[in-house]
Amino acid sequence: MTPSTSAKGYLLALSATVLWSTTFPLARLIAFAMSPVELAFWRWLFTFSCMLPFGFTAVKNNLPALKKNWKWILAAGVLGFSMYSILMFEAGRTTDATNMSLIAATAPVFMAFFAVAFLHERLSLPQILGLVIAVIGVLVLVLKGEFHRISDLSFTIGDLWMLLAASLFAVYSILVRKRPGTMPQKALMTAMLAFGFFALCPLMAAEAIATDWHFPDGQTLWIILYIAVIPTLIGYLLWNWSVEYIGAARAGIVYYSIPLFSSLEAVILLHETVSMPQIVGGLMIIGGILLSSLNVLRQLIRH
């Protein structure tokens, strides 16, 4: 892994987390506008529709490779796209924001564990220390520096849904590393979107039969469109490239910056004030990321 390749991978992962961080306040805003299945269906319908014109030719030209790898592509699309969305929206209905933030931050831990257990990746001491520091930074951020609040947290079924969602995202990040070097990213993304979207169709059909199905209202529609194109389509493409360059474990550490960017966006968009725990937690998250990539930074400085 060359310094330039590593730097590109970290930059791509960071860009993906910046985009993803905009999803959480919007997802909370529309959590009760429709059912989790409906929200997931419309999200991936729009994303798949936007990607198809760009990826159709790539899929057509790479059908043999896609057919050869269809099993893990199917798993990645269903688990990382459709199921993750349903679980995230469902969790937002039955648990509070503090618990969701805390549990969502376990995704990189799952990534590191799966990468070591199944891909035999080795984490260096700086990477392990960076992971620990980033975890503590997230705790400081979401608990506002009051660690005694951990004992006061009450767990609901929504917490379990969010924990499952975090583990599914980790599995997705491991699976996308299996992409053959000759398979274009556009072909893989389009195939995963197709599997993810069509897996939602029977669930949506059941939802329509069992409930009073309806189209999204104006505000919900625009929010879903934004989520579908910017954080979802562009964000996932950036993340897939980053995992390809630096691996799931290293990219997972950068994932910890999502709470930091969410806080900054709240200050800019909602005019919220910045507290000392937010500053300390943010600095620890950044420090953990920098520590985990210490060897890469040294090599870049030398060049």
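Two rings of Phe, Tyr or Trp count as a pair if their centres lie within 6.5 Å. I work with that rule below, on a model that is predicted.

**Entry 1: the cluster.** I looked up which rings are joined by such pairs. W20, W44, F81, Y84, F169, Y172, Y236 and W239 are linked by ring pairs into a cluster. For the structure as a whole I noted 19 aromatic pairs.

**Entry 2: W42 and F46.** I then took one pair and looked up its geometry. The ring centres of W42 and F46 are 5.9 Å apart. Their planes stand at 35 degrees, so I wrote the pair down as tilted; planes under 30 degrees apart would have counted as stacked. Both residues sit in helix α3, which covers residues 36-61. They are four residues apart there, so about one helical turn separates them.

**Entry 3: F81 and Y172.** Next I looked up a pair from the cluster, to which F81 and Y172 both belong. Their ring centres lie 5.4 Å apart, and with planes at 45 degrees the pair is tilted. Where in the chain do the two residues sit? I found F81 in helix α5 (residues 70-94) and Y172 in helix α9 (residues 157-175).

F81 is at 0% and so counts as buried. Y172 is likewise at 0% and counts as buried.

Terms used
Residues numbered from 1 in each chain as written. Predicted model: local features only at pLDDT ≥ 70, side-chain atom pairs only at ≥ 80, totals over all residues. Heavy atoms only, no water. Phe/Tyr/Trp six-rings, centres within 6.5 Å; stacked < 30°, edge-to-face > 60°. Buried < 20%, exposed > 50% of the residue type's maximum accessible area, 1.4 Å probe, protein only.
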